[in-house]
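Please read the following briefing beside the sequence and the 3D view.

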Amino acid sequence: MAVDVRWATTEDAAALATILCEMAAHYRQAPLDHDRALAVARQWLTDESPAYPHFALAFAGGEVAGLASVAIAHPGIDLERLMFLKDLFVREGARNQGAGRTLVAFLAGHCLSHGIGRIDLTTEDWNDGARRFYTQLGAERHGQKIFLRLSGEALKTAAKS
């Protein structure tokens, strides 16, 4: 199957909303209302700077097949930018047909052409398929970092400190 990947634009809001709804179910979250997801997708794609990509979408056979949600972080102690891959998701009907690899290749190519030295990512401990996929790509477990989260009450407490 031929897979095309591009950075999402405002014209891709419906495709982004569709895949966000499927992604929520896959990650065992409450179902998303498609109309609400569409409104949020439009807002995200409109409010963000066009020079700063956040969503790469894979298309196969004219249908959205996958999503990569990324952020670019600027220099830290090593003075090298990094891409943080927040989410990589391929729709069930498009899995094992190259969409995930094409998305990662697109992101890696972007990194190489823009002086970004690495892609950092996380995956759920229960997601054996994702861990196998990243291992096959050559990703190594990086033991120096622990993934933490501030949300809910902890986020409110941190805002007051």
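Helices are DSSP runs of H or I with at least four residues, strands are E runs of at least two, and both are numbered from the N terminus. The model is predicted, so that local features need pLDDT of at least 70 and side-chain atom pairs count only at pLDDT 80 or more, whereas totals for chains, interfaces and linings use all residues. Residues are numbered from 1 along each chain as its sequence is written, and side-chain values use heavy atoms, with hydrogens and water left out.

**Helix H3**
- Helix H3 (residues 99-113) has 15 residues and reaches 21 Å from its first C-alpha to its last, close to the 21 Å expected at 1.5 Å a residue, where the expected span is 1.5 Å times one less than the number of residues.
- Buried in H3 are Ala 99, Gly 100, Leu 103, Val 104, Leu 107, His 110 and Cys 111 (buried means under 20% relative accessible area, exposed over 50%, partly exposed in between, with a 1.4 Å probe and protein chains only).
- These residues lie on the same side of H3 because they cover an arc of only 135° around the axis, the arc being that of the directions from the helix axis to the C-beta atoms.
- Leu 112 and Ser 113 are exposed on the face of H3 turned away from its buried side.
- After H3 comes Gly 115, whose phi is positive, near 65°.

**Asp 33**
- Asp 33 lies in the loop between helix H1 (13-26) and helix H2 (34-47), and is partly exposed, with a relative accessible area of 47%.
- The side chain of Asp 33 reaches the backbone nitrogen of Asp 35 at 3.3 Å and that of Arg 36 at 2.9 Å.

Key:
A polar contact is a pair of N or O atoms within 3.5 Å; within protein, one must be able to donate a hydrogen and the other to accept it, and residues adjacent in sequence count only if both atoms are side-chain atoms.
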